[in-house]
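Here is a short walk through some strands and helices of this protein. Have the structure open and follow along as we go.

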Amino acid sequence: MRTSDYLLATLKETPSDAEVVSHQLMLRAGMVRQVAAGIYNWLPLGLRVLQKVEAIVREEMNNSGALEVLMPGVQPAELWRESGRWEDYGPELLRLNDRHNRDFCLGPTHEEVITTLVKNEIRSYRQLPLNLYQIQTKFRDEVRPRFGIMRGREFIMKDAYSFDVDKEGLQKAYDIMYAAYQKIFTRLGLEFSAVEADNGAIGGSSSHEFHVLADSGEDDIAFCKALEFAANVETVALPPPADSRPEASEPMREVNTPDVKTIEQLATSLNVSASQTVKTLIVKGEDGLVALVIRGDHELNAVKAEALENVISPIAFASQDEISREIGAEPGSIGPVGLNLPIVIDQSVAVMADFICGANKPEKHLVGVNWERDLPLAEIADLRQALQGDPCPGAQNGETISIRRGIEVGHVFQLGRKYSRSMNAYCLNEHGEKTLLYMGCYGIGVSRIVAAAIEQNHDEAGIIWPESITPFSVCIVAIGYKRSEKVRQAADQLYQQLVDTGVEVLLDDRNERPGVLFSDMELIGIPHRITIGEKSLEKNQMEYKYRSAEDGEAVQADQVLNFIKSKTSTQ
């Protein structure tokens with residue numbers, strides 16, 4: 001491909017509304033353009049990368065024995081009502097009506113459609129196991145789409161669904177998919193980790209997330225190398241503190257705390273560590289409001305809180321008006337002493353003594369509060385988010401957690417009979433008895449992988465593509481292509497030789513200054529660059545530079561073809 005025949009839509013300036021690196025570079029490199037909030041056009045350069053990701057995903061899915069299908073993007077409401085998710089899924093489900101006023105939605109996922117398809121086609125265990133997948137556009141009406149392709153409303157996803165007659169079959173299918181995902185992300189050339197995860201709105205039992213590791217990731221991943229443990233911090237079960245609660249050493253007293261609204265302000269005002277304070281969070285429960293108490297320097301883990309018997313899921317915090325009516329205080333001055341609500345405290349709070357909390361009065365706090373003296377010991381649970389240095393689950397020799405950031409790009413679930421039960425998906429087992437199907441669900445964010453790859457692989461100049469998904473493997477920068485016959489002939493000859501040998505090559509034949517040509521190719525991130533200029537040709541040389549290398553190297557002109565072939569075949 002020649003740039004003179006290509007839509008090379010690079011930008012010099014970074015768009016002001018692009019917050020993360022992948023969004024900035026995808027816009028600057030001319031890969032995507034926004035149509036509406038969270039909805040993008042894929043330009044030729046971006047589409048080449050996207051299609052390479054799709055090809056790797058498709059090849060490994062086919063290798064695993066899965067069969068490709070294509071399901072509709074628009075789904076009838078009755079299927080979602082049958083599964084119980086029409087109301088439960090929430091506002092991310094974009095609902096619409098056709099001309100006959102029938103309810104439909106744009107598919108964010110396809111459990112209902114695939115379950116209906118399979119229950120009408122599968123009659124006997126002899127037709128199982130079965131794994132069907134598709135690569136298709138999804139739509140989730142994000143409340144605040146951001147970060148470009150990373151969290152858009154419309155995106156491309158690979159979703160697969162396995163069907164088996166028993167749990168053993170489901171586990172086997174799950175293991176096959178887990179192994180296929182390992183191969184996919186390895187072939188994509190990305191640093192990734194599979195971690196234990198929460199099932200969220202999909203439901204089911206066991207699940208793992210696949211994360212591309214990057215400093216800009218939205219998720220915290222807890223690792224313990226010694227025990228080969230990795231999990232999303234949302235799912236890390238923390239052991240009770242080893243220390244026992246100290247004896248009380250001071251009386252409880254009320255102090256004035258004007259203009260104190262946060263833990264940081266409270267700690268500063270009283271000249272104490274945040275770890276000596278507690279914060280009381282008021283959430284909605286099945287039978288009214290519930291108070292959750294965690295240490296001031298800790299964060300509430302919403303997944304753990306939602307698992308509490310009396311807390312609604314998804315978790316919902318009480319409004320200021322609700323708190324004022326029920327407690328007579330404002331957020332920032334709430335505490336467990338005298339609080340007439342169900343109270344659940346974190347394990348770390350249960351071993352605190354002489355702690356500081358809100359007094360349930362405006363601009364007042366209590367100092368020197370102690371359990372079983374100033375208030376009854378409340379229900380204890382594991383409520384907080386795991387932190388760097390926390391004990392690793394199952395630790396025997398003091399092993400601790402380390403935290404890294406990750407971008408979720410894949411998720412595998414054991415759904416069990418969640419959807420087959422609600423949608424009556426049966427088959428006959430080997431004894432001729434009707435039995436509900438066991439299902440697994442396996443997703444990969446195909447378009448998200450493109451953004452995640454950039455977040456993990458870039459520098460100040462632009463993108464550094466892994467070899468497997470680069471839009472072009474080689475670029476030829478011809479200095480003075482329009483002016484010099486010698487340069488033009490050498491560039492055209494090398495270009496045609498590379499094309500004939502199957503190398504994906506972009507010839508930059510634009511009439512631009514060398515600095516512009518170089519900066520655009522660095523921005524686009526093509527791994528191998530050959531520069532051809534009159535001065536180097538006089539020495540019978542061309543310059544080669546690998547994208548992430550600091551300097552280039554001279555190569556004899558008559559050796560360049562073999563040199564490039566060796567580089568592209570070994571990278």
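C475 stands opposite L506 in β27. In this predicted model, strand β26 (residues 474–478) and β27 run parallel and are joined by four bridges. Both strands belong to an open, five-stranded sheet with mixed pairing, in the order β27-β26-β28-β29-β30. β27 (505–508) and β30 (553–556) stand at the edges with a single partner strand each, so one side of each has no neighbour in the sheet. From one strand to the next, the twist averages 25°.

| Helix | Residues | Strands touched | Angle to β26 |
|---|---|---|---|
| α14 | 514–524 | β26, β27, β28, β29 | about 170° |

Now for another set of strands. β16 (residues 343–346) pairs in the parallel sense with strand β15 (residues 288–295) over three bridges, and V344 is the bridge partner of L292. β16 also pairs in the parallel sense with strand β19 (residues 379–381), again over three bridges; there, I345 has I380 as its bridge partner. Which way do the side chains of β16 point? I343 and I345 point one way, V344 and D346 the other, and all are buried.

Finally, a helix pair: α2 (residues 44–63) and α12 (residues 446–456) pack at about 115°, their axes 9 Å apart, in a right-handed crossing. V49, L50, V53 and E54 of α2 meet V446, S447, I449 and V450 of α12. Six of these contact residues are nonpolar, one is polar and one is charged.

Notes. Residues numbered from 1 in each chain as written. Predicted model: local features only at pLDDT ≥ 70, side-chain atom pairs only at ≥ 80, totals over all residues. Heavy atoms only, no water. Axes fitted to C-alpha atoms, helices over the stretch in contact; angles between N-to-C directions. Helix = DSSP H or I, 4+ residues; strand = E, 2+ residues; numbered from the N terminus. Left-handed = near helix turned anticlockwise from the far one by under 90°. Contact = heavy atoms within 4.5 Å. Nonpolar A, V, L, I, M, F, W, Y, C, P; charged D, E, K, R; others polar. Buried < 20%, exposed > 50% of the residue type's maximum accessible area, 1.4 Å probe, protein only. Pairing = 2+ DSSP bridges.
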